[in-house]
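Here are a few notes to go with the model as you look around. Have it open beside you and take the points one at a time.

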Amino acid sequence: MKKSELINIIQGLKVFSNPKLKYEQYITDAISTADLMFHLTFTKGDLQNNIIVDLGCGSGNLTVAAAILGAKKVISVDIDPDAIKILKENLTTYDLQSKVEIIQADLQKESILPQIQNITKKDLLENSNAKIVVISNPPFGVKNKGVDVAFLNQALQFADVIYSIHLANTKTQVYLEEKIPKLGGFILERSTLYLTLKHTYKHHNKAQKSVQTDIYRIIPRK
């Protein structure tokens, strides 16, 4: 599949009609989604035939991209039942329901490790070389401090590789470089991704803006 084809698919997906500020719901735009997923798939080789866990999946841009690009299975996790409803509609549009398992959970309050283990057990027995790879565009913690770290903490309980998106600024970089090792992770690399955020909430005064973010590629310390 060409990147332009994936962008067209993602642009056609249904998105939030009433995003919830308390969850910091934003859409990972189609170009950023394609850039990230092509990097993960073709540069790093971390997608095809692996189990992808989309933490904070929202309406499903990253989930749909992962399923289309060849993930063995995708596990999509979100707190919001309305987001999950939209996700299911998007999966139905492209007949991807059989490739995706959905978990509704509050990652700051409950561990999803037992559910992940239950869902992945059969696949990992059938293919011991398969990896569990987390992709996460978490809330940045503007409204709910610490939520991004909660996502990381959950991912480190079961993932072999983690791709986590965070705001690109010195304060956040220094914090995460100190925090991730304390959570049991090791940062392999940090790369740049520009997200295009469209006008989403009333306090936004621009039609869209570009936000520089860092993608952290992390593995757990064994």
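1. Is phenylalanine 38 buried or exposed? Keep in mind that this is a predicted model. Phenylalanine 38 turns out to be buried, as its relative accessible area is 13%, which falls under the 20% cut-off. Phenylalanine 42 counts as partly exposed, with a relative accessibility of 48%.

2. Those two phenylalanines go together. The structure holds 1 aromatic pair, and it is formed by phenylalanine 38 and phenylalanine 42. The pair is tilted, with 55° between the planes and 4.9 Å from centre to centre. Both sit in helix α2 (residues 30-43), and because they are 4 residues apart there, about one helical turn separates them.

3. Now have a look at aspartate 54, in strand β1 (residues 51-55). Aspartate 54 is buried, yet it has no salt bridge. How far away is the nearest side chain of opposite charge? That side chain belongs to lysine 99, and it is 14 Å away. Leaving out neighbours within four places in sequence, the contacts of aspartate 54 are Leu62, Thr63, Ile75, Ser76, Val77 and Ile135.

4. Asparagine 137 is worth a visit too; look for it in the loop between β4 (132-136) and α6. Asparagine 137 is buried, at 17% relative accessible area. Isoleucine 165 is 28 residues away from asparagine 137 in sequence, but the two are 5.0 Å apart in space, C-alpha to C-alpha. Isoleucine 165 is also one of the residues that asparagine 137 touches; the others, not counting residues up to four places away in sequence, are Thr28, Leu55, Gly56, Leu62 and Leu195.

5. Next comes leucine 87, in helix α4 (residues 81-93). Leucine 87 is buried, and its relative accessible area is 0%. Which residues does leucine 87 contact, leaving aside neighbours within four places in sequence? They are Cys57, Gly58, Ser59, Gly60, Thr63, Ser76 and Ile102. Thr63 and Ser76 are also among the contacts of aspartate 54. Glutamate 126, 39 residues from leucine 87 in sequence, is 28 Å away in space, C-alpha to C-alpha.

6. Last, a helix pair. Helix α6 (residues 147-155) packs with helix α7 (residues 170-183) at an angle of about 35°, and their axes are 10 Å apart. On the α6 side, the contact is made by Val149, Leu152 and Asn153. From α7 come Tyr175, Leu176, Lys179, Ile180 and Leu183. The crossing of α6 and α7 is right-handed.

Methods
Residues are numbered from 1 along each chain as its sequence is written. This is a predicted model: local features need pLDDT of at least 70, side-chain atom pairs count only at pLDDT 80 or more; totals for chains, interfaces and linings use all residues. Side-chain values use heavy atoms; hydrogens and water are left out. Helices (H or I, at least four residues) and strands (E, at least two) are DSSP runs, numbered from the N terminus. Buried means under 20% relative accessible area, exposed over 50%, partly exposed in between (1.4 Å probe, protein chains only). Lys and Arg count as positive and Asp and Glu as negative; His and the chain ends are not counted. A salt bridge is a side-chain nitrogen of Lys or Arg within 4 Å of a carboxyl oxygen of Asp or Glu. Contact means heavy atoms within 4.5 Å. Rings of Phe, Tyr and Trp (its six-membered ring) pair if their centres lie within 6.5 Å; planes under 30 degrees apart count as stacked, over 60 as edge-to-face and the rest as tilted. Axes are lines fitted to C-alpha atoms, for helices over the stretch in contact, and angles run from 0 to 180 degrees between N-to-C directions. A crossing is left-handed if the near helix is turned anticlockwise from the far one by less than a right angle, and right-handed if clockwise.
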